[in-house]
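The sequence and structure are shown first.

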Amino acid sequence: MELISLGSRGDFMSENLNWCYEQRCRKTVKSLQHNGFEAVYCVNKEEAYKDIIGEARNADSIGLGGSMTLEELQLMPELTAMGKELLRRDLPGLTPDEQEAMRHRQLACDLFLTSTNAVTLAGQLVNVDGIGNRVGAMTFGPKKVLVVVGRNKIAEDLHAALKRIKAIAAPANARRLNKNLPCAIAGFCSDCNSPERICRATVILDHMPSRSNIKIIMVNEEMGY
Ligand code: SF4
């Protein structure tokens, strides 16, 4: 009997897993295209990075939604070197008024970069927002929106998407943002009524909104949460 070393068995397993995820990503891309979005498949983060930088060449002002997926891509050095005007509300030293002004300016930028809380196999983008500026900019305003999505955010259907947001995305984000929320402490949603509640606007983009230009970059790697 041929013995398989642990290393090659690991490679074999991850190869199969990657293939499985690739099919899910490609099906999602097709569904998104069917729903009127521009959508592309990227085999990894490096490919996604190149695509984003290519899109950024045509933009003067670039808005960035708070996103761990974008953080992982480490786009800032290159975008800064390209001389782009970066609209970020998390720049150090901004006053609350300046942060608010930045949120407004993002609504009218050339290119808005963000991720999504979930995407369904049927090609719907599902997001839950606290303020609403992120979902606002995704829906109307910027000349173009790029949504970068890791394979871990694909959900079977709307029900699974909303479940994933409350089970993973919201508690993890609440903790990242250091919010005084029950989910940031327990790790589970208790449908709180806290003043700091981050789940206030649930927005589902079934089809691309008629006056928007949204491109989804579907990456066959785990990204963000
Ligand atoms: S509803 Fe409240 S407890 Fe539940 S995930 Fe949202 S912020 Fe956390």
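## Terms and model

A residue is called buried when its relative accessible area is under 20%, and exposed when that area is over 50%. The model discussed here is predicted.

## Helix H5

Helix H5 covers residues 96-106, and its buried residues are Met102, Arg103 and Gln106. Viewed down the axis of H5, these buried residues lie within an arc of 100 degrees, so they line one face of the helix. Asp97 and His104 are exposed residues on the face of H5 turned away from that buried side.

Which elements are included in what covers the buried residues of H5? Among them are strand S2 (61-64), strand S3 (85-87) and strand S4 (111-114), together with helix H6 (133-139).

## Overall fold

The secondary structure of the protein consists of 8 helices and 10 strands. The C-alpha trace spans about 70 × 45 × 35 Å along its principal axes. For 225 residues, a compact globule would have a radius of gyration near 17 Å, and the 18 Å of the protein agrees with this.

Of the 225 residues, 45% count as buried. Among contacts in the protein with a separation of 6 or more, 74% are accounted for by residues 24 or more positions apart.

Conventions. Residues numbered from 1 in each chain as written. Predicted model: local features only at pLDDT ≥ 70, side-chain atom pairs only at ≥ 80, totals over all residues. Heavy atoms only, no water. Buried < 20%, exposed > 50% of the residue type's maximum accessible area, 1.4 Å probe, protein only. Helix = DSSP H or I, 4+ residues; strand = E, 2+ residues; numbered from the N terminus. Arc of directions from axis to C-beta. Contact = heavy atoms within 4.5 Å. Rg over C-alpha atoms; globule rule 2.2 N^0.38 Å.
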